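Q: Please take a close look at one part for me: the surroundings of the ligand. Go step by step, and then follow the chain onward from there.

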Amino acid sequence: AAKHRLWPEIDKVSTEQLHYARLGVGGAGGWQLFAEDGDMRMYRREEEADGLVVDPLKACHVVKGVTGHEVCNIFYSPEYRSGWEATLEDMTVVEKISDDTLVFLQTHKRIWPASQRDALFWSHIRRVSDDQDPDAHDLWIVCNHSTEYTEHPPNAGKCVRVYLTVCLVCQTFIDPPKEGSEITRDDITCKITYCSVVNPGGWAPAAVLRAVYKREYPKFLKRFTSYCIDQCKDKPILF
Ligand SMILES: CCCCCc1ccc(-c2ccc(S(=O)(=O)CCO)cc2)cc1[C@H]1C[C@H]1c1ccccn1
């Protein structure tokens, strides 16, 4: 992977996104809580870029019974995506850069009254050992970031190209079981931070976009995490 033309950007953006995800939502960051459901908290900032709503989103969730490695694997791997990404209409892997880096082209279902969108992005998964606290459990991160491919120019067909940067950061916590007994899924908890900035690419009314984000993001994260629990519950734990 070190040789690929995109590698410097992949490494830079993934490192930046990990840092960004670990920043808190308190203080002057301008984050406003807009959805809560059990342990899930969803925050957004109201931001526009050349008149388009690009509200950054940060979601924090705690899920029992799965590890960060399992959650990031499911989020990264193409074969699971149709099982949890409800707004997906089509998905292809445009390039396999390495085992831990793929390039996806996705078309999302049209959201009335806006025109249909597609997204072309590299996706990179990595394990990060926590340098501050070496005996803390490892972090796993998946970073998705829009990219250009001459074979797939934006807005060539029916879809408007969105530009996105997304990261999923997961940390596993293990409650040590009784002396000598094996760790079960009841002993593991995964702390999830999901950050996304989606530029809708072409015109879409601000009110429509904000309504769509408010509706779609909580649904998306709940559906995704439930899918992870369901996929992993009868399988050996992947730490
Ligand atoms: C008029 C609407 C314009 C924007 C439509 C659109 C396109 C892509 C995306 C998007 C693309 C990728 C990701 S991901 O996290 O990388 C996972 C892989 O699929 C996530 C979200 C979002 C939205 C916005 C609907 C909104 C929305 C929000 C959560 C889920 C679905 N739709």
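**Around the ligand**

A: Start with Tyr194: one of its polar side-chain atoms lies 2.8 Å from an oxygen atom of the ligand. Keep in mind that this is a predicted model.

An N or O atom in the side chain of Glu85 is 2.6 Å from an oxygen atom of the ligand. Then comes Gln106. Here the distance is 3.0 Å, between a polar side-chain atom of Gln106 and an oxygen atom of the ligand. A polar contact is a pair of N or O atoms within 3.5 Å, so these pairs qualify.

How much of the ligand does the protein bury? Taken alone, the ligand exposes 650 Å², and the protein buries 98% of that.

Now step back to the whole shell. There are 19 residues around the ligand. Those that come nearest are Glu85, Thr87, Gln106, Asn144 and Tyr194. Sort the shell by class, and you get 12 nonpolar, 4 polar and 3 charged residues.

Which elements supply the shell? β7, β11 and α4 each give at least two residues. In the chain, β7 covers 101-108, β11 covers 163-174 and α4 covers 206-232. The largest share comes from α4, with 6 residues. And the space itself? The ligand takes up the largest pocket.

Follow the chain onward from β7. A loop lies between β7 and β8 (117-128), and Pro113 is in it. Look at the peptide bond that joins Trp112 and Pro113. This bond is cis, with omega about 0°. Why stop at it?

Next, look at another loop, between β3 (48-49) and β4 (52-53). Asp50 is found there. Phi of Asp50 is near 35°, a positive value in a residue other than glycine. Most residues other than glycine have a negative phi.

Finish with β1 and β2. Strand β1 holds residues 32-37, and strand β2 holds residues 40-44. They pair in the antiparallel sense over 5 bridges.

Key: Residues are numbered from 1 along each chain as its sequence is written. This is a predicted model: local features need pLDDT of at least 70, side-chain atom pairs count only at pLDDT 80 or more; totals for chains, interfaces and linings use all residues. Side-chain values use heavy atoms; hydrogens and water are left out. A residue is near a molecule or strand if one of its heavy atoms lies within 4 Å of it. A polar contact is a pair of N or O atoms within 3.5 Å; within protein, one must be able to donate a hydrogen and the other to accept it, and residues adjacent in sequence count only if both atoms are side-chain atoms. Accessible areas come from the Shrake-Rupley method with a 1.4 Å probe; for residues, only the protein chains shown count as cover. On a 1 Å grid over the protein atoms alone, a cavity is a set of points where a 1.4 Å probe fits but cannot get out, and a pocket is an open set with protein on both sides within 12 Å along at least five of seven lines; lining residues have an atom within 4 Å of a point. A molecule sits in a cavity or pocket if more than half of its atoms lie within 2 Å of its grid points. Helices (H or I, at least four residues) and strands (E, at least two) are DSSP runs, numbered from the N terminus. Ala, Val, Leu, Ile, Met, Phe, Trp, Tyr, Cys and Pro count as nonpolar, Asp, Glu, Lys and Arg as charged, and the others, Gly among them, as polar. Two strands pair if DSSP finds at least two bridges between them.
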